[in-house]
Amino acid sequence: MCGIVGYLGQKEAYPILIKGLHRLEYRGYDSAGIALINGGLNVYKRKGKVAELEAFVKGKDISGPIGIAHTRWATHGEPTDENAHPHMSQSKELSLIHNGIIENYDVLRNELINRGYTFNSHTDTEVLVYLIEDIQKNEGVELSEAVRIALNQVIGAYAIVILSKNDPDTLIAAKKGSPLVIGIGEDEFFIASDATPIVEYTKEVVYLNDEEMAVIRRNNDLRIKTIKNQDKTPYIQTLEMNLSQLEKGGFEHFMLKEIYEQPRSIMDSMRGRLNAKKGIVSLGGIIDYEQKMVAANRIIIIACGTSWHAGLVGEYLFEDLARTPVEVEYASEFRYRNPVIYENDVVIAISQSGETADTLAAIELARSKGATILGICNVVGSSIARATDAGSYTHAGPEIGVASTKAFTAQVTVLTLMALRIAQLKGTLSKSRFQQILFELESIPEKVEKTLKVSKRVITIAEEFCQVRNFLYLGRGYNFPVALEGALKLKEISYIHAEGYPAAEMKHGPIALIDEEMPVVFIAPLKGVYEKVISNIQEVKARRGKVIAIVTEGDHAVSEMADYTIEIPETEEMLVPLLATIPLQKLSYHIALMRGCNVDQPRNLAKSVTVE
Ligand code: M6R
């Protein structure tokens, strides 16, 4: 999604802004632009990557201690130079960058056209900057007041930063729905969509809340008010992130680095929460809500994409271990289908970024019906983390690769801890069984480390299948969500069509696709319905499909039938997703690489989806 960076201080803004745009590249974008004031207002923008913008500005005036910069992920209008941000007002005095969607932009645009304005782009953003200028001129108010009045007229989501040629000492920012964070340095301010462009300069930040605007002036002058004109005291927080987490650390891609970080990220997600010897599972963030979870008639999990897949694993966990009924909902469907929610339902929202617009809207809906809402987020201080009643962070560290990897296993880890804690409180597991699972959970980081060593095998399989057009992923029970996640990973980064199914569903339709060209990935550990999965494998072999199987070390039956096998260490059935996912992530990575795809920034995708 769009990325925003702003700077106001004593230094040259350009290098800070460009570096900031590079840091935000992981969010996904298709054009980039920058506006700087040094006497005049200079705006440069280009379709394509930030590097193309850098080449374009060579030899041009890029000086000035104040500026804004933007990466655009197209919503209204194609990715072109004209539609790129920043957008200027009609008089060319104001310049604005925006993340979000102004839903009533068409009405506002027509009104402005009737008043004699002509537009240069197809964006909703240009409408907003024209509207602000129109209000400023017609009502004779200061820029910040014009911004406030304009924001009361728009419907939709926005994070904006605006600067004026006539006031080179001021930046105005505002947000609703889309994220915005302000970094406070020594005589300087930074603004960004998330903390990644800020962390190398300062750890002191203020997250703007919805419908808040900030007026930032030189000499450490930061004022925050709501768009209804109520003053707010800035709440300054300290970032936990550090710079090394944002760099590749010797790996070729962020995705690969993040795959290899999983022993640590799983460990960090359990740190201080699990003590198998003493039989303790404790999640500090939800301690006050444990009794609500115990008493809940139902848990509803809302999420999107990979987080939704983690939610599906959560369904098996809570039902199996704690005997609590669970429904897992796509946040985008839940928010619009008038769901039945009772006051004693507990809703768990799962999100890596904590900024997904559909998940946020689903939370608001659940809240309006009186449900208790817990969050499982990775990004500390994110909108979803703040919108929930309580929650547990995943502590996976920043995930930069667009394809989610370590966030998924961290989410599954936290869900496992939650389900175990509720099971303990409800007494649905015997003490010895409970402790047995805890010991096994403690050993998972080590087993993930071992699983990561399957590279050679995975590369051989990737070489064999990197040119196929379709893939099928099949699993049962806890491994059905793993099949879905494996298929999503492959299609996201390699653009090969892949589908995940519960293995037994194959005969109800997908079996028609099987021929000698179709690779079928089975997640077939020696647990649960192993025998049944063997029958499903036979059905594929009978139709000459190619079988790639994820099996438990020492497996014979599946290994004899499969064309290729990848072994994972033995573990408890409910913990298999934490291991089986790893080779599937690596398979997608190597196939994508062999196909020459951009692994970290796949086409059309955004890391945090802050629009509907
Ligand atoms: O930040 P979130 O977890 O809320 O994001 C949800 C999805 O957009 C995300 O998981 C997406 O599916 C990833 N690209 C998956 O790799």
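1. Let's start with the ligand. In this predicted model, 14 residues surround the ligand, and the closest are S307, S351, S353, T356 and E492. If you're new to this structure, those five names are a handy way into the site.

2. Where does that shell come from? Helices α9 (305-322) and α17 (479-494) each supply at least two of its residues. The largest share is from α9, with three residues. By type, the shell divides into four nonpolar, eight polar and two charged residues.

3. The side chain of T356 has an N or O atom 2.4 Å from an oxygen atom of the ligand. For S353, a side-chain N or O atom is 2.6 Å from a ligand oxygen. On the nitrogen side, a polar side-chain atom of E492 sits 2.4 Å from a nitrogen atom of the ligand. As for cover, the ligand on its own has 410 Å² of accessible area, and the protein covers 91% of that.

4. Next, have a look at helix α2, which spans residues 50-57. Which of its residues are buried? V50, L53 and V57 are. Looking down the axis of α2, you'd find its buried residues within an arc of 55 degrees, so they line one face of the helix. The cover over them includes α1 (13-24), along with the strands β2 (31-38), β3 (40-47) and β4 (66-72). Just past the end of α2 comes G59, with a positive phi of about 85 degrees.

5. You'll find P86 in the loop between β4 and β5 (87-88).

6. Two residues have a positive phi without being glycine; take N219 to begin with. Its phi is about 65 degrees, and N219 belongs to the loop between β12 (212-217) and β13 (221-226). Is N219 buried or exposed? Its relative accessibility is 68%, so N219 counts as exposed.

7. The other is R323, not a glycine either, with a positive phi of about 60 degrees. R323 sits in the loop that runs between α9 and β19 (326-330), and α9 is the helix that gives the ligand shell its largest share. With a relative accessibility of 58%, R323 counts as exposed, since the cut-off for that is over 50%.

Definitions and conventions:
Residues numbered from 1 in each chain as written. Predicted model: local features only at pLDDT ≥ 70, side-chain atom pairs only at ≥ 80, totals over all residues. Heavy atoms only, no water. Buried < 20%, exposed > 50% of the residue type's maximum accessible area, 1.4 Å probe, protein only. Helix = DSSP H or I, 4+ residues; strand = E, 2+ residues; numbered from the N terminus. Arc of directions from axis to C-beta. Contact = heavy atoms within 4.5 Å. Near = heavy atom within 4 Å. Polar contact = N/O pair within 3.5 Å; in protein donor to acceptor, adjacent residues only side chain to side chain. Areas by Shrake-Rupley, 256 points an atom, 1.4 Å probe, with all protein chains shown as cover. Nonpolar A, V, L, I, M, F, W, Y, C, P; charged D, E, K, R; others polar.
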